[in-house]
Amino acid sequence: MKKVGNPNSISRILLFSLAFMLTFSIQIFAQDAATMVPAADAPVASAPVGDAAAGKAIFNAQCAACHKLDAKMTGPALRGVGAKYEKEWLYKWIRNSAELIKSGDERANKIFNEYNQSPMNAFPQLSDADLDNIIAYTMEPKAAPVATTEVAAVPGGKVEGGGISNEVILGALALVLAMLVVMLLLVNSVLTKIAKANGIEAAQKEKTLPIWKAFAKNQFLVLVTVIFLLLSSAYFAYGWFMQIGVDQGYEPIQPIHYSHRIHAGDNGIDCKYCHSSARDSKHSGIPSLNVCMNCHKSIAEVAETTLAEGKEFGVDYNQEIQKLYDAVGWDVAEQKYTGKTQPVKWIRIHNLPDFAYFNHAQHVTVAGIECQTCHGPVEEMEIMYQHSPLTMGWCINCHRETDVKLKDNDYYKKIHEELSKKYGVDKLTAAQMGGLECGKCHY
Ligand code: HEC
Ligand code: HEC
Ligand code: HEC
Ligand code: HEC
Ligand code: HEC
Ligand code: HEC
């Protein structure tokens, strides 16, 4: 039992690496704690009297219609306004700006003229405490752009920005795995050495027939496998040919991340507000960007809860709205059009081949079919996709199953009476009205 290596060395390596890991991770947490504490303290130290959180609530309820903290709207951006004027002046202005202007106050008249003499509401009902709260809110430092920046892991475990990044954790795991591998190799070599020293021979493998040769000899097995392969490839080939030209589920990435869930779902905007031509023409059409600006002139940023939802989908909704502004040439800060526009190239999703004829008005207005019957739960779609196969079989099936709508439709009354006599039924399906004739759908 000599010269087999020192088994103690293994446990020493193990101990050493464990100690290394521990110091490493403790350092990370220490760094973390060190950076966290002052960050939480900072705003409190610099904020004036007043409760910023309460101020924010009042601001959102009373002032947000005309003011933002960091951007011009109807009125100026209000961040830092508490430092621009003294408190007494602000009290007077907010409670009744018109009166202050009339009194001839120089600064009041200056800002009033700067904003084309557009009046600000008076808020006599707000108490001193309310106003202090609002001012405290405007004096909050601007939140740093929420960190999408990678947390940098510097050798030695320095972590900036708080929170251990996934990379550090993954790195540590990789290290542990690598150490395990090394240890296993060491154990293996030590054991072989011990075995050799004791004169034990490792058992030699017996020579056996390679598995593929055994397989080739068994004809029955070969036959079954060949049949199986033929059948399954035929099945997949058939499936593949049938899906040519069928784009069900097609979900391209659009130039602007536009969410039907938020617009048609959460905010309940009617489909036809944007897709107005669905009612009376063949095509439903994509709205022009002017339609968007009806609302987005005053919606430059989404609510915080909405913004948080966007994070889950990996998009910054505010940046997407900015893309809309870039396209129509809208300057948010100045609140006017710059004249520099660039088209948004929406990618078309639903597209029948040229030889097929489909008309929205006929289905939406005449037949009274809901958009969702064909397009699926659009109001839940974060990203638009093709819900239905749009195959001929799909059209025909529905024509066979759906009754023609006769209510409020005098046009059909006579045809309907004649045809229902002919077929001897009360209700006519679209198919019985001629919805299966090739010429109706094919030019
Ligand atoms: C109806 C729109 C409107 C509302 C609501 C409104 N403001 Fe204003 N505010 C303005 C306009 C416009 C101006 C620019 C001066 C002017 O034209 O009267 C202004 C100016 C100001 C100023 C001066 C800013 C500067 O930089 O000189 C302060 C402060 C201010 N508003 C605070 C408030 C507060 C606080 C509220 C909510 C309690 C509020 N405003 C609600 C329209 C509004
Ligand atoms: C605020 C405007 C707006 C509203 C409201 C709206 N849409 Fe859209 N819709 C768009 C825009 C913009 C696109 C193009 C971008 C995209 O595909 O996501 C689009 C695309 C579509 C498409 C895919 C078009 C294609 O390329 O094949 C369908 C289908 C659709 N909308 C159906 C609906 C339905 C159904 C509703 C009501 C539940 C609705 N939309 C409400 C703006 C709107
Ligand atoms: C009827 C009003 C209205 C119209 C029209 C409208 N939007 Fe919106 N938009 C909203 C509202 C409300 C929100 C969400 C605000 C929130 O949740 O805080 C929003 C949010 C957004 C967002 C961020 C969330 C998302 O969907 O990615 C984008 C981008 C956007 N709109 C683009 C558009 C585009 C492009 C059009 C035109 C095709 C359009 N909007 C038309 C009201 C409208
Ligand atoms: C009977 C099924 C059906 C109904 C109901 C229906 N659509 Fe469509 N939609 C289609 C088909 C099929 C296409 C592809 C048309 C083409 O390529 O010519 C389409 C295409 C579209 C497009 C892409 C642009 C275009 O016109 O080709 C939009 C947008 C759209 N539909 C919105 C709507 C809206 C909004 C409604 C409800 C008001 C609606 N659809 C109702 C079947 C339907
Ligand atoms: C959700 C059910 C539904 C689907 C899906 C559908 N249709 Fe229809 N379609 C109808 C109904 C109901 C009518 C009868 C409308 C009426 O009263 O004129 C109709 C009528 C028509 C007509 C007029 C028939 C006539 O007699 O004048 C044409 C053309 C047509 N559809 C084409 C299509 C095509 C092409 C598709 C597939 C891309 C399709 N439809 C998918 C329900 C559907
Ligand atoms: C309700 C509408 C409708 C009627 C009626 C209809 N078709 Fe079609 N047909 C379509 C649509 C939509 C497509 C495109 C399907 C696709 O792109 O997958 C199509 C595709 C086809 C194709 C191309 C092959 C394929 O599946 O893509 C042929 C051939 C065809 N139709 C023949 C006919 C004949 C023949 C008739 C009369 C017996 C007929 N169609 C009646 C809607 C119709």
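Guide: Helices here are DSSP runs of H or I with at least four residues, numbered from the N terminus. The model is predicted; local features need pLDDT of at least 70, side-chain atom pairs count only at pLDDT 80 or more, and totals for chains, interfaces and linings use all residues. Residues are numbered from 1 along each chain as its sequence is written, with chains lettered from A and ligands numbered from 1 in written order.

Visitor: Which helices each supply at least two residues of the shell around ligand 3?

Guide: They are α11 (260-266), α13 (289-296) and α15 (317-328). The most comes from α13, with five residues.

Visitor: And which residues come nearest to ligand 3?

Guide: S259, C292, C295, V302 and E320 do, out of 23 residues around the ligand. A residue counts as near if its C-beta atom, placed from the backbone, lies within 6 Å.

Visitor: At what angle do α13 and α15 pack?

Guide: The angle is about 125°, and the axes lie 11 Å apart. Axes are lines fitted to C-alpha atoms over the stretch in contact, and angles run from 0 to 180 degrees between N-to-C directions.

Visitor: Which residues of α13 meet α15 there?

Guide: L289, C292, M293 and H296 of α13 meet I321, L324, A327 and V328 of α15. Contact requires C-beta atoms, placed from the backbone, within 7 Å.

Visitor: Turning to ligand 2, how many residues surround it?

Guide: Ligand 2 has 21 residues around it, of which C271, C274, I349, H350 and C371 are the closest. Its shell draws at least two residues from each of α11, α12 (271-274) and α17 (371-375).

Methods
Two residues are in contact if their C-beta atoms, placed from the backbone, lie within 7 Å.
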